[in-house]
Amino acid sequence: MSKAFTKEDSGGDEALVPPRPRSASGDKRYITPEGYRALQEELASTQGPDSGARGLTPLEAGVRRQERERRARHLVATLEEVRVVEPDPAQAGRVFFGAWVELEDEEGERVRYRIVGLDEADVKAGRLSVESPLARALLGKEVGESVQVERPRGAVEYTVVAVDYAAAPFSTPLSL
């Protein structure tokens with residue numbers, strides 16, 4: 001069998017860090033202050049005592065420790081690469097990075113998203129990556145303006161209902 005299809009041991013026990021998301025533009029990745037703090041807190045939790053390891057076999061505990069160490073290395077690298085973007089009061093009323101945007105679709109259903117960086121995006125939690133088609137379409141828009149976005153189920157038109165930069169609870173996002 002060709003060596004291309006065999007696994008060779010590199011000799012080290014260094015775990016591979018999974019690739020980090022990259023910006024489509026290749027520029028520095030942006031993150032909100034809240035996203036940065038959340039990554040810092042997660043890093044601190046990976047470096048503290050592991051209460052979840054109780055009751056595990058030594059082998060299971062070792063695997064768990066390696067996973068925590070790998071995640072910590074990933075978080076350190078991410079925190080070094082991202083650039084925190086503070087909201088700019090001059091952007092009030094327009095959609096830019098960090099904005100909470102309330103949208104209304106063609107059927108009158110409303111949803112609220114925050115435009116965030118790749119490292120903190122979670123559509124189910126209402127955090128939309130700045131690289132997503134919807135976020136890209138919304139950038140620079142004002143209240144009353146509309147955007148049309150292609151979804152797997154077809155095109156949908158959203159109208160911007162509200163834009164703000166203060167943290168606020170939001171409704172459940174529409175499925176994209």
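I take a polar contact to be a pair of N or O atoms within 3.5 Å; within protein, one must be able to donate a hydrogen and the other to accept it, and residues adjacent in sequence count only if both atoms are side-chain atoms.

**Basis.** I worked from a predicted model, in which local features need pLDDT of at least 70, side-chain atom pairs count only at pLDDT 80 or more, and totals for chains, interfaces and linings use all residues. Residues are numbered from 1 along each chain as its sequence is written, and side-chain values use heavy atoms, with hydrogens and water left out.

**Arg 68.** I looked up Arg 68 and placed this residue in helix α2; helices (H or I, at least four residues) and strands (E, at least two) are DSSP runs numbered from the N terminus. A polar atom of the Arg 68 side chain lies 2.9 Å from the backbone oxygen of Thr 46. Is Arg 68 buried or exposed? I found Arg 68 buried, at a relative accessible area of 18%; buried means under 20%, exposed over 50%, and partly exposed in between (1.4 Å probe, protein chains only). Apart from neighbours within four places in sequence, Arg 68 is in contact (heavy atoms within 4.5 Å) with Ser 45, Thr 46, Gln 47, Gly 48, Pro 49 and Asp 50.

**Helix α1.** I next read α1, residues 33-47. Its buried residues are Pro 33, Gly 35, Leu 39, Leu 43 and Thr 46. They lie on the same side of α1, because their arc around the axis is only 165 degrees, taken from the directions from the helix axis to the C-beta atoms. I noted that these buried residues pack against β1 (30-31), α2 (58-81) and β2 (83-84).

**Cores.** I then examined the largest nonpolar core, which has 20 residues; such a core is a set of buried Ala, Val, Leu, Ile, Met, Phe, Trp, Tyr and Cys residues joined through side-chain atoms within 4.5 Å. Val 101, Leu 103, Ile 115, Leu 134 and Leu 138 touch the most other members. Two or more residues come from each of β3 (100-105), β4 (110-116), α3 (133-138), β6 (146-151) and β7 (154-164). With 4 residues, β7 gives the most to this core. I recorded a second, separate core of 7 residues, Ile 31, Leu 39, Leu 79 and Val 82 among them.

**Whole chain.** I counted 3 helices and 7 strands, in the order β-α-α-β-β-β-β-α-β-β from the N terminus. Of the 176 residues, 31% count as buried.

Methods: Expected span 1.5 Å × (residues − 1).
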